[in-house]
Amino acid sequence: MRATTRDPLLDNAKMALVVLVVVGHAWTLLPDSDVTAHFYDFLYAWHVPAFVFVTGYLSRGFGYTRPRMWALFRTVVVPYLLFETALALFRIYVGGEELSGLFQDPHWPMWYLAALFFWRLLTPVFRPLPAGLVVAVAVSLVAGMYAGDTLDIARVLGLLPFFVMGLKATPERLEVLRRRPVQLAAVFVFVGIWVLTTWTDSWASTEWLYYRSRYDEMGYGDDLSALLTRGLVLAVGTLGAWAFVALVPRVGGWFSRMGAFTLVVYLFHGFAVKGADYAGFDDWADGHAVIAFGITTIGAVALALLLAWEPVSSRLKELVDPLGYAERHVAHAVELAVVKDQVQPGLQAEIEAVAAEEATALR
């Protein structure tokens with residue numbers, strides 16, 4: 001396979017994961033129930049680790065070069081600043097919410113861009129480090145004692161092992177996960193996670209799956225028990241991430257093509273979910289719990305597919321990457337100017353020759 005060929009496995013994985021992000025966020029509109037909580041805990045036990053793992057794998061080529069640093073600023077920092085502002089204004093002036101710590105404490109889905117910025121900067125450090133994954137696990141365990149909310153550093157460090165795991169992965173190692181026995185084992189892994197998350201609150205709590213709170217904030221005074229719980233959550237997340245990659249289809253088509261627009265889906269879906277909240281969908285869902293679960297899930301999937309649909313995403317991506325949009329149009333204008341300069345002399349000579357012929361014919 002040539003280096004320029006997109007692997008449908010990765011595009012399918014990215015698109016499936018961002019669809020699950022939208023579904024998970026939409027489920028927060030539903031009333032509390034044991035069934036909804038079980039689905040939610042099952043999803044969050046592995047899909048964020050899987051997302052970070054795939055992100056790490058796709059970040060392996062990052063380095064401290066001028067083009068890479070500019071791309072990091074253009075595609076991560078700028079969207080973070082724009083959409084942190086836009087979503088905050090939407091929540092304040094449309095939803096009447098009160099927010100604080102803008103930019104310093106990323107709000108809702110914006111944490112992932114802040115985390116991605118730091119993970120990318122750590123890539124040249126951890127990728128060549130022989131014991132990088134061991135170090136990342138140690139950092140995650142210790143971070144639960146001290147890390148705070150500023151730029152969601154607790155999540156940056158807590159989820160670091162999954163990112164480093166992706167950095168250390170290779171195409172050959174991913175192919176191992178694609179073997180038939182491993183795929184069969186992956187099914188049992190998901191069954192096991194489903195069973196385990198039936199009793200999430202008895203061995204941890206949903207808050208552990210966010211990797212955002214210190215151990216003492218979750219009521220753990222004994223550091224050893226907290227470290228063991230964080231270790232268990234990391235292990236479950238790792239097995240779930242591997243199982244997901246093992247089962248993702250490697251089939252090209254409309255779904256895999258949507259994988260090129262996952263950032264559009266990620267940044268815009270929050271407006272729709274919050275809009276449904278402000279419109280009172282949660283009040284209606286309280287009285288129609290069963291049907292609301294189905295409508296919410298189907299609606300979330302439809303929303304993700306709509307945002308990634310090329311006629312929509314091709315326009316929204318300009319808002320996600322305005323500097324890239326400007327660069328492309330400047331480059332296009334320069335290219336047209338160069339072509340014009342090259343064509344103009346020949347075109348002028350042709351015009352003069354035709355004029356001469358017409359003048360001769362009129363004599």
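**Exercise 1. Describe the second largest pocket by its volume, its lining and the elements that contribute to it.**

Solution. The second largest pocket holds about 450 Å³ of space, where a pocket is an open set of points on a 1 Å grid over the protein atoms alone at which a 1.4 Å probe fits, with protein on both sides within 12 Å along at least five of seven lines, and where the volume is the space filled by probe spheres set on the points. The model is a predicted one, in which local features need pLDDT of at least 70 and side-chain atom pairs count only at pLDDT 80 or more, while totals for chains, interfaces and linings use all residues. Residues are numbered from 1 along each chain as its sequence is written, and side-chain values use heavy atoms, with hydrogens and water left out.

Next comes the lining, whose residues have an atom within 4 Å of a point. There are 25 lining residues, and His 25, Trp 111, Arg 155, Tyr 210 and Arg 212 lie nearest the centre of the pocket. Two or more residues each come from α1 (8-26), α2 (34-58) and α4 (111-126), these helices being DSSP runs (H or I, at least four residues) numbered from the N terminus. Helix α2 gives the largest share, five residues. By type, the lining has 14 nonpolar, five polar and six charged residues, with Ala, Val, Leu, Ile, Met, Phe, Trp, Tyr, Cys and Pro counted as nonpolar, Asp, Glu, Lys and Arg as charged, and the others, Gly among them, as polar.

**Exercise 2. Determine how far helix α7 is enclosed, and what covers its buried residues.**

Solution. Begin with accessibility, for which buried means under 20% relative accessible area, exposed over 50%, and partly exposed in between (1.4 Å probe, protein chains only). Helix α7 spans residues 160-168, and eight of its nine residues are buried, so the helix is largely enclosed by the rest of the structure. The buried residues are Leu 160, Pro 161, Phe 162, Phe 163, Val 164, Met 165, Gly 166 and Leu 167. Their cover includes α2, α4, α5 (132-146), α6 (153-158) and α11 (223-247), as judged by contact, meaning heavy atoms within 4.5 Å.

**Exercise 3. Work out the surroundings of His 107.**

Solution. His 107 sits in the loop between α3 (66-93) and α4, and His 107 is buried at a relative accessible area of 12%. Its side chain makes a polar contact with the side chain of Glu 84 at 2.8 Å, a polar contact being a pair of N or O atoms within 3.5 Å, of which, within protein, one must be able to donate a hydrogen and the other to accept it, while residues adjacent in sequence count only if both atoms are side-chain atoms. A polar atom of the His 107 side chain also lies 2.9 Å from the backbone oxygen of Ser 100. Leaving aside residues up to four places away in sequence, His 107 touches Glu 84, Arg 91, Leu 99, Ser 100, Gly 101 and Leu 102.

**Exercise 4. Classify the aromatic pair of Phe 51 and Tyr 112, and state what it ties together.**

Solution. The structure holds 28 aromatic pairs, counted where rings of Phe, Tyr and Trp (its six-membered ring) have centres within 6.5 Å, with planes under 30 degrees apart taken as stacked, over 60 as edge-to-face and the rest as tilted. For Phe 51 and Tyr 112 the ring centres are 5.2 Å apart and the planes stand at 40°, so the pair is tilted. Phe 51 belongs to helix α2 and Tyr 112 to helix α4, so the pair ties together parts that are 61 residues apart in sequence. Both Phe 51 and Tyr 112 are buried.
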